[in-house]
Amino acid sequence: MKKYNLAFLGCGAMGTEVIDYVVNNLKNKFNITLIIDNEINNAEKLSTKYNISPVITNDINIFLEMQNIDLVIETASVQAANQYANDLVKKADVIFASVGAMSDQVFYNKLLDDAANHNNNVIIPPGAIGGLDAIDAVKDSITFIEIITTKSPESLSGAKGFLDYENYNFTSPEVIYNGTATNAIKLFPKNLNVAVTLSLFGLGPDKTNVTVVADPDVKMNCHKINLKGQFGEISFDFKLEKSIKNPKTSALAGLSIIKILKDY
C-alpha cells in the first residue's frame with residue numbers, strides 16, 4: 001500500500017485533532033511530512049508529543065520547494081486559505097477546513113481551474129452538517145435555501161458581527177444576523193464556514209440566506225437547513241457538541257476531515 005505524504009497548514013485545535021488520529025490510526029497510510037504554522041514552538045511540541053519528524057516552518061516557500069507532498073490539510077484560517085490556496089492546489093490535493101475562503105465565487109472557480117490544470121483536487125469537507133449529497137442532487141431546481149445557526153454568546157464572542165453584543169446581557173434567544181452567506185462569513189469567519197459549505201452545494205453564497213441566533217441557554221452548536229424547490233421541501237436539523245478545544249466550531253468538523261482521510 002502506498003503511503004501518502006501529508007502537509008498541514010495550521011496545527012491549532014482542529015489540526016491537532018487530525019494529527020492525533022493519523023498518528024494513532026492511520027500511520028500505515030500517511031506520513032506527516034510538513035507542518036506550516038506561525039506558532040513554530042507549538043508545532044515543535046506537537047511533533048515531540050507524537051514522536052513525528054515533519055519539516056516545521058512558517059514559510060510557505062518551503063512547501064513550494066518540496067516535491068513529495070500528496071495532500072495538504074488546511075485548518076489555519078479563512079485569511080490563510082485566501083492567501084495560500086492557489087499555491088497549494090498547484091502542488092497537491094487540498095482539504096480546506098476554512099471553507100469561508102470560497103465565499104468569493106470568482107476566487108473559488110479559479111481555484112478549481114488551477115487545481116484541475118495541475119491534476120489536483122479541491123476537497124471541501126462537510127464540516128458540521130450533512131445531507132450535502134441530497135442538496136447537490138436537487139441544486140438545479142432549488143428556489144430557496146437557508147441555514148439558521150444557533151450558538152451561545154460565548155461561542156460567538158470575538159466575531160466582528162458580534163461586536164455590538166459583547167457586553168449585552170442575553171436573557172432569551174435573539175437574532176443577531178440575517179443576510180447572505182457572503183456577508184455572514186465576513187462577520188463571523190470562525191463560526192459560519194458551514195454556511196459557505198452549504199452554499200457551494202446549493203445556490204452559491206449570494207443566494208444562501210443565513211440567520212444567526214445567540215441563545216444564552218443553548219449548550220450545543222445548532223444548524224437548521226431548509227430548502228424548497230420543484231422537488232418539494234427538505235429540512236435538516238443538527239444539534240452538535242462543541243469542539244472541546246475550540247467551542248466556536250463543532251466536534252463534527254474535525255471528524256469530517258478524518259473521514260476524508262480514511263477514504264483517501
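Analyst: A helix here is a DSSP run of H or I, at least four residues long, numbered from the N terminus. The model is predicted.

User: What makes residues 78–89 a helix, α4?
Analyst: Helix α4 has 12 residues. The cut-off is at least four, so α4 qualifies. From first C-alpha to last, α4 reaches 16 Å, close to the 16 Å expected at 1.5 Å a residue.

User: Which residues of α4 are buried?
Analyst: V78, A80, A81, Y84, A85, N86, L88 and V89 are buried. Buried means under 20% relative accessible area.

User: Why does T33 count as buried?
Analyst: Its relative accessibility is 14%. The limit is under 20%, so T33 is buried. T33 lies in strand β2, residues 30–36.

User: Which residues does T33 touch, not counting those up to four places away in sequence?
Analyst: T33 touches N5, L6, P54, V55, M66, N68 and I69. Contact means heavy atoms within 4.5 Å.

User: How much space lies in the largest pocket, and which lining residues are closest to its centre?
Analyst: About 920 Å³. Of the 48 lining residues, T75, A76, S77, V78 and S98 are closest to the centre.

User: Which element supplies the largest share of that lining?
Analyst: Helix α4, with five residues. α1, α4, α9, β10 and α10 each supply at least two.

User: How do you know that both domains contribute to the lining of the largest pocket?
Analyst: Domain 1 (4–126 + 251–263) and domain 2 (132–240) each give at least three residues.

User: What is the make-up of the lining of the largest pocket?
Analyst: The lining has 20 nonpolar, 21 polar and seven charged residues. Gly counts as polar.

How values were computed: Residues are numbered from 1 along each chain as its sequence is written. This is a predicted model: local features need pLDDT of at least 70, side-chain atom pairs count only at pLDDT 80 or more; totals for chains, interfaces and linings use all residues. Side-chain values use heavy atoms; hydrogens and water are left out. The expected span of a helix is 1.5 Å times one less than its number of residues. Buried means under 20% relative accessible area, exposed over 50%, partly exposed in between (1.4 Å probe, protein chains only). On a 1 Å grid over the protein atoms alone, a cavity is a set of points where a 1.4 Å probe fits but cannot get out, and a pocket is an open set with protein on both sides within 12 Å along at least five of seven lines; lining residues have an atom within 4 Å of a point. Grid points are joined across faces, edges and corners, and a volume is the space filled by probe spheres set on the points. Domain bounds come from an automatic or database domain assignment.
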